[in-house]
Amino acid sequence: MKDTAKHQGLRNQLAAILAQKGITDKNVLEAIKKIPRHLFLNSSFEDYAYQDKAFPIGAGQTISQPYTVAFQSQLLEIQKDHKILEIGTGSGYQTAVLFMMGAKVYSVERQNELFKTTSVLLPKLGIRPKHLSFGDGYKGLPNHAPFDSIIVTAGAPIIPKPLMAQLKIGGRLVIPLGEEHQIMTMLIRKNETQFEKHEFGEFRFVPLLENKN
Ligand code: SAH
């Protein structure tokens, strides 16, 4: 598949729709305009790739809806060279958006098939996360901690303690919390022991799985 002027036009429209829906961070909208979302999907979805919808990406998983990607990215308040941990690499689309916003991205995926495909795809598109890892995101990446911010892109029944521990003071953990549907939740680390909690309404994600296949 190629990236054409038609795709660029559809991306500009998508960014305009996300702005209408309340996304105000210019860096997020610029990244949405730049990342060729159709190349993160099977070619049979090419005509739909710039709709504001989630689609299947194999292994029973989905690429997040662009609004959700933009909303979570905006909450992170990314500054250039921020070290960001993503749990749930999936298609790599969210990884690419964070990279395009200037972040040093570390990402973990527990489905080997997706980990392999995405590890090959991202460099082909010129997207170079600092580290892609195959494993259980509940544990975070202790060897690379601490992180400026952490984003979880699957619905989590609880906030994994290791992720809280791997956050810098002042850092943000953005995590959709809940089983059937999720409340977008952000923890800001105030000091060694205290976290300030903010909630941002309902979203839908595939589950964050632990010790299950
Ligand atoms: N950011 C991805 C979203 C993919 S859906 C994208 O934009 O495409 C959520 C992803 O989280 C899935 O790929 C799923 O396999 C992964 N996941 C679920 N539980 C996980 C865990 N415990 N550790 C790491 N990844 C996990």
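Is Asp25 buried or exposed? Asp25 counts as buried because its relative accessibility is 19%, where buried means under 20% relative accessible area and exposed over 50%, with a 1.4 Å probe and protein chains only. This is a predicted model, in which local features need pLDDT of at least 70 and side-chain atom pairs count only at pLDDT 80 or more, while totals for chains, interfaces and linings use all residues. Residues are numbered from 1 along each chain as its sequence is written, and side-chain values use heavy atoms, with hydrogens and water left out.

**Around Asp25**
- Asp25 sits in the loop between helix H1 (5-20) and helix H2 (26-34); helices (H or I, at least four residues) and strands (E, at least two) are DSSP runs numbered from the N terminus.
- Leaving aside residues up to four places away in sequence, Asp25 touches Gln74 and Met101, contact being heavy atoms within 4.5 Å.
- Ile78 is 53 residues from Asp25 in sequence, yet their C-alpha atoms are 9.9 Å apart in space.

**Around Ser64**
- An unreviewed UniProt entry annotates Ser64 as "active site"; such annotations may be inferred rather than shown by experiment.
- Ser64 lies in the loop between strand E2 (61-63) and helix H3 (66-75).
- With a relative accessible area of 18%, Ser64 is buried.
- Not counting residues up to four places away in sequence, Ser64 touches Arg37, Lys53, Ala54, Val69, Thr153 and Phe205.
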